[in-house]
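Take a look at the fold below. The paragraphs that follow walk through its sheet, its helices and its overall dimensions.

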Amino acid sequence: NEQSYRWQRVLLKVSGEALAGDQMQNIDPKVTMAIAREVATVTRLGIEVAIVVGGGNIFRGSSWAGCSGLDRSSADYIGMLATVMNAIFLQATMESIGIPTRVQTAFRMSEVAEPYIRRRAVRHLEKGRVVIFAAGTGNPFFTTDTAAALRCAEINAQVVLKATNVDGVYDDDPKRNPNARLLEDLTYHEVTSKDLSVMDMTAITLCQENNIPVVVFNLSKPGNIAKAIKGERVGTLIGG
Ligand code: UDP
């Protein structure tokens, strides 16, 4: 029964890096299939799932800006297009296992996907479809983390679940410092004042201003996506 879960509607943010897995290719089909399977289990429970996909596995605007005269806006539009590729890959994977899925893009690509229409996105969710938001916010100089916070607020989802390749937020870089501790609970203020690399400032302050909790967790651990969506304790919870 739907009432027994912590969240009724969630916004899952899947970074491009997470989609790449440890493969040489840009996208690891095993990762997308694992995401699809876990999302399938929770949509069957009646939890509504919207997804924002990143594009960093293919193209990250900020690291290309400046190369051969590429201005930041052009680089960012390429980055946004990269997220559309990931979205279509994920949609095809989800539909291959029978999850009805719609992709909505922040700028029009109507032969490929629906344009973002807030009320229509909500309607899809109510009908049990998974909605994948692609092309970020549609604006250069932003990130897909900000798109996740924005869409979460717009569709009245209750939480941003940020799926990454690390277990959560640490007090130091766990790859360099073996004694780095996983922080299970953080306030928005702790994240911004200690400059913990969770999300960019625009994204985290948007969550703070709208009282949207953020869960940062590791998607490469089997079962974690479903756990996070069901509101079970995983990774780091940012709120308050
Ligand atoms: N991007 C953008 N505006 C947005 C979202 C994304 O310009 O609202 C561009 C930006 O160049 C970014 C790229 O798309 O580097 C890929 O998104 P992001 O880096 O957020 O993906 P992730 O880190 O989640 O893989």
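In what order do the strands of the open sheet run? The order is S4-S3-S5-S2-S1-S6-S10-S11-S9, 9 strands with mixed pairing. Strands here are DSSP runs of E with at least two residues, helices are runs of H or I with at least four, and both are numbered from the N terminus. Two strands pair if DSSP finds at least two bridges between them.

This is a predicted model: local features need pLDDT of at least 70, side-chain atom pairs count only at pLDDT 80 or more, and totals for chains, interfaces and linings use all residues. Residues are numbered from 1 along each chain as its sequence is written.

Strand S3 (residues 101-105) pairs with S4 in the parallel sense, over 2 bridges. Thr105 has Pro115 of S4 as its bridge partner.

Now the helices. Helix H2 (residues 29-43) lies across strand S1 (9-14), strand S2 (48-53) and strand S5 (130-134). H2 runs at about 155° to S2. Such angles run from 0 to 180 degrees between N-to-C directions, with axes as lines fitted to C-alpha atoms, for helices over the stretch in contact.

Helix H6 (residues 144-154) is mostly covered, with 9 of its 11 residues buried. Buried means 20 or more other C-beta atoms within 10 Å of the residue's own, with C-beta atoms placed from the backbone. Among the buried residues of H6 are Asp145, Leu150 and Arg151. The buried residues of H6 pack against S1, S2, S5, strand S6 (160-164), helix H4 (72-96) and helix H8 (201-209). Contact means C-beta atoms, placed from the backbone, within 7 Å. Just after H6, Asn156 takes a positive phi of about 55°.

Step back to the whole chain. The protein chain has 9 helices and 11 strands. Of its 240 residues, 44% count as buried. Among contacts between residues at least 6 apart in sequence, 70% join residues at least 24 apart.

An unreviewed UniProt entry annotates residues 9-218 as "domain: Aspartate/glutamate/uridylate kinase". Over residues 9-218 the chain is 40% helix and 20% strand.

Terms used
A residue is buried if 20 or more other C-beta atoms lie within 10 Å of its own, exposed if 12 or fewer, and partly exposed in between; C-beta atoms are placed from the backbone. Two residues are in contact if their C-beta atoms, placed from the backbone, lie within 7 Å. UniProt positions are given in the numbering used here, feature names are shortened, and annotations may be inferred rather than shown by experiment.
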